[in-house]
Amino acid sequence: MPCPTCGKPAALSVDNPYRPFCGERCKLADLGSWLNGDYRLPVSDAESDTEAPDP
């Protein structure tokens, strides 16, 4: 299986502590992308416009 970060082959066995990545560097690069906001989950306008009702 290719590494999601660099595309090099990555072992999916339990012997690879960085799976699905090929190594620690790619795993940390992916984490950094999440922390920088490069990956975002889509939010529909209906969810963001809805407010909680007053008690």
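A surface patch, as the word is used here, is made of residues with over 30% relative accessible area and no salt bridge, nonpolar side chains being joined within 5 Å. In this predicted model, Leu-28, Leu-31 and Leu-35 form such a nonpolar patch on the surface, and together they have about 320 Å² of accessible area.

Because its relative accessible area is 69%, and exposed means over 50%, Leu-35 counts as exposed.

Tyr-18, by contrast in position, is placed in the segment before helix 1. Tyr-18 has a relative accessible area of 28%, which lies between the limits of 20% and 50%, and therefore it is classed as partly exposed. When residues up to four places away in sequence are not counted, Tyr-18 touches Gly-23, Glu-24 and Lys-27. The C-alpha atom of Tyr-18 is separated by 9.6 Å from that of Leu-28, a residue ten positions away along the chain.

The two residues with individual values are set out below.

| Residue | Relative accessible area | Class |
|---|---|---|
| Leu-35 | 69% | exposed |
| Tyr-18 | 28% | partly exposed |

For the protein as a whole, the model contains two helices and zero strands, and 16% of its 55 residues count as buried. The accessible surface of the protein comes to about 4800 Å², with 55% of this belonging to carbon and sulfur atoms. Among the contacts with a separation of 6 or more, 6% are accounted for by residues 24 or more positions apart.

Note on methods. Residues numbered from 1 in each chain as written. Predicted model: local features only at pLDDT ≥ 70, side-chain atom pairs only at ≥ 80, totals over all residues. Heavy atoms only, no water. Helix = DSSP H or I, 4+ residues; strand = E, 2+ residues; numbered from the N terminus. Buried < 20%, exposed > 50% of the residue type's maximum accessible area, 1.4 Å probe, protein only. Contact = heavy atoms within 4.5 Å. Areas by Shrake-Rupley, 256 points an atom, 1.4 Å probe, with all protein chains shown as cover. Patch = residues over 30% accessible without salt bridge, like charges linked within 9 Å, V, L, I, M, F, W, Y side chains within 5 Å. Salt bridge = Lys/Arg side-chain N within 4 Å of Asp/Glu carboxyl O.
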